[in-house]
Amino acid sequence: MRNILFIISLFICSSVLSQGTDKVFEFLNLPVSTRAEALGGDNVSVGDNDLSLVFHNPALLRQEMDMNVNLGFNSYLGDIKAGNVAFSKAWGDYNTWGVGVNFVDYGKFQETTIDNVSMGEISAKDICVNAFFSRYLSDTWTGGVAAKFIYSAFDQYTSLGLAVDVGLNYYHVDNDLSFGIAGKNLGAQVKPYNDDYAPIPWDIQMGITKRLAHAPIRFSITALHLTQWEFDSITEGDTKEDSFFNTFFKHLIFGAEFLPTDNVWVALGYNPKVGSDLSIETGNRLGGFSIGGGIRVKAFNLGVSVGQFHPSATSFHLNVTTSLNDFKL
């Protein structure tokens, strides 16, 4: 318990550090799990047998995920496509390890000179290779870490980065209560695009998930952006300061799930900061909202989620997870 309290204190104390404004590898903030996206875009406390959640908190990697494989695809905005693949394996009675890759392909762009002469097409992509490890610390606590190798290429400009995620998860079976905390993207750019280094968008996040005692409904609240307090709010080209309560709620994500059986889930989430940042005077009233659901079909767990970030642009996300143990003869 002393080690657990020390790690939590370290997370909280490190939140006083400044990050700077211009960051690289912002793709690391995109949701990888359909469950997390459906619950508002991020979640560090849902402890279900869903391997894709490990990308959000490595402490959610469990022994029951032995020989699990996860594949994900996200049709983001415009021609931007994202995806992920992950594999996990139990190791002994207390440890679990895994590997995973998440990437974003921004498509093709037309390169021109200052005189508008076409020079052909260029491409842009971001890739992150992950190595996960988790260990049961007690009957209720699990600790996890993820090492990240980050590669980014925009035409001939490339950049490399190294980072880690560190997480803790508390889960009480009898109360169906889960708490998670994660320090995410703690690292640095080791090779810049040019001569200027920029910080990685690291963050500290905490969340709690609780299922009602007499109803198949579960609620989640996730606190994020804990390394800063204020945000700039832009209205009609002018920057104004938010009120205390507006700023407070921009640090939270709210999610609810309906769980009629062990094989079906439906979730709805709302991210106040996304809703505020992407609001426009005429439309996009669903900005910040997301919805999703999942079902188990034989040996496969299928999950889908949808988030609207603009009246004419909807993000569609698909995850498929299976255990190779189900195919053993």
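I began with the aromatic residues and found that W229, F244, F245, F248, F249 and F254 form one aromatic cluster. For pairing I took rings of Phe, Tyr and Trp (its six-membered ring) with centres within 6.5 Å, planes under 30 degrees apart counting as stacked, over 60 as edge-to-face and the rest as tilted.

I note that this is a predicted model, in which local features need pLDDT of at least 70 and side-chain atom pairs pLDDT 80 or more, while totals for chains, interfaces and linings use all residues. Residues are numbered from 1 along each chain as its sequence is written, and side-chain values use heavy atoms, with hydrogens and water left out.

I counted 13 aromatic pairs by the ring rule. I recorded F55 and F132 as edge-to-face because their ring centres are 5.4 Å apart and their planes stand at 85°. This pair links distant parts of the chain, 77 residues apart: F55 lies in the loop between α2 (34-38) and β1 (68-75), and F132 in strand β4 (residues 118-136). Helices (H or I, at least four residues) and strands (E, at least two) are DSSP runs, numbered from the N terminus. I found both F55 and F132 buried.

I then looked up F244 and F245, an edge-to-face pair with 5.5 Å centre to centre and 85° between the planes. Both residues, F244 and F245, are exposed. Buried means under 20% relative accessible area and exposed over 50%, with partly exposed in between (1.4 Å probe, protein chains only).

Buried residues account for 43% of its 329 residues.
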